[in-house]
Amino acid sequence: MAAKRISVSFQVTVVGGRSAGKSTLIRAVLNDSNDPPSLQEEDADGFQLQKVTCQHNGLSVAVDVIELPADARYMPLLHQFGTTAACLAFVVNMLDANAYADLSARLAALGSPPPCGLLAVQGSLPPGAAAGEERSRLEPLRDIASRWGLQFMRFESIEQLSRARLLQTVCGLVLHDVTDGAEPMHLLGRRVAREG
């Protein structure tokens, strides 16, 4: 008799300022899903929810991807989302000169490093930008990602982002040592639920 495939579920919250590229990042996650994304979208007061599924290390995985609105009135809720999400994905855009300050404010609202997270830096400065400007924006972002335990990911183009297999990357971060033979004890403290 074949072993029953274990199903798990968890939540990922996508966080960033206006025009940071949150929706673009979510579309890239959906490209890696088993489900047609347009059938699963929900919207409430600016929050976007996408439900996606995939296979990872022999597990059936269901992920709720929540886009937290950039509006400052939601900043106090970031801590609550940080305590319930299995992974927080912070998104910044290189064209935003205030990306570092915005990310710093969001991390301060979070209060403490998430157990699992990533920082996706999207876009590139135009060719006419001052020499070294891109590096001077990237280095503080790399530093803050390192200090907060966030996996740093850099995407210079939408094509690069769409090929990144982000859903598998997130599953790898959340379920890094969980396999289809895992006991429910292995999921304790991960903010991951075993289904069925």
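Start with the lining of the largest cavity: its residues divide into 11 nonpolar, no polar and no charged. Here Ala, Val, Leu, Ile, Met, Phe, Trp, Tyr, Cys and Pro count as nonpolar, Asp, Glu, Lys and Arg as charged, and the others, Gly among them, as polar. You are looking at a predicted model, in which local features need pLDDT of at least 70 and side-chain atom pairs count only at pLDDT 80 or more, while totals for chains, interfaces and linings use all residues. When you type selections, residues are numbered from 1 along each chain as its sequence is written, and side-chain values use heavy atoms, with hydrogens and water left out.

**Stop one: the cavity**

Select Val12, Val14, Leu25, Val29, Val63, Val65, Ala89, Leu118, Leu166, Leu167 and Val170, and you have the lining. A cavity is a set of points, on a 1 Å grid over the protein atoms alone, where a 1.4 Å probe fits but cannot get out; lining residues have an atom within 4 Å of a point. The structure holds one cavity of 30 Å³ or more, and the space in the largest cavity comes to about 80 Å³. That volume is the space filled by probe spheres set on the points, which are joined across faces, edges and corners.

Now colour by element. Strand S1 (7-16), helix H1 (22-31), S4 and helix H6 (166-174) each give two or more residues to this lining. The largest share, three residues, comes from H6. Helices (H or I, at least four residues) and strands (E, at least two) are DSSP runs, numbered from the N terminus.

**Stop two: the aromatic rings**

Next, show the side chains of Phe47, Tyr74 and Phe81, which ring pairs link into a cluster. A search of the whole structure finds two aromatic pairs. The Phe47 and Tyr74 rings have centres 4.9 Å apart and planes at 80°, so this pair is edge-to-face. Rings of Phe, Tyr and Trp (its six-membered ring) pair if their centres lie within 6.5 Å; planes under 30 degrees apart count as stacked, over 60 as edge-to-face and the rest as tilted. Phe47 sits in strand S3 (residues 47-56) and Tyr74 in the loop between strand S4 (59-67) and helix H2 (78-84), 27 residues apart.

Turn to Phe81 and you find the stacked pair with Phe47, at 5.6 Å centre to centre and 20° between the planes. This one joins S3 to H2 across 34 residues.

Are Phe47 and Tyr74 buried or exposed? Both are buried, a word for under 20% relative accessible area, with exposed over 50% and partly exposed in between (1.4 Å probe, protein chains only). Phe47 has 18% relative accessibility, and Phe81 counts as buried too, at 16%.

**Stop three: helix H3**

Move on to residues 99-110. The 12 residues of H3 should span 16 Å at 1.5 Å a residue, and the end C-alpha atoms are 16 Å apart, which agrees. The expected span is 1.5 Å times one less than the number of residues. Highlight Ala99, Leu103, Arg106, Leu107 and Leu110, which are buried. They cover an arc of only 100° around the axis, so they lie on the same side of H3; the arc is that of the directions from the helix axis to the C-beta atoms.

**Last stop: two loops**

Most residues other than glycine have a negative phi. Asn57, in the loop between S3 and S4, has a positive phi of about 50° although it is not a glycine. Its relative accessibility of 45% makes Asn57 partly exposed. Finish at Arg165, in the loop between helix H5 (158-162) and H6, where phi is positive at about 55°. Arg165 is partly exposed at 49%.

Conventions: On a 1 Å grid over the protein atoms alone, a cavity is a set of points where a 1.4 Å probe fits but cannot get out, and a pocket is an open set with protein on both sides within 12 Å along at least five of seven lines; lining residues have an atom within 4 Å of a point.
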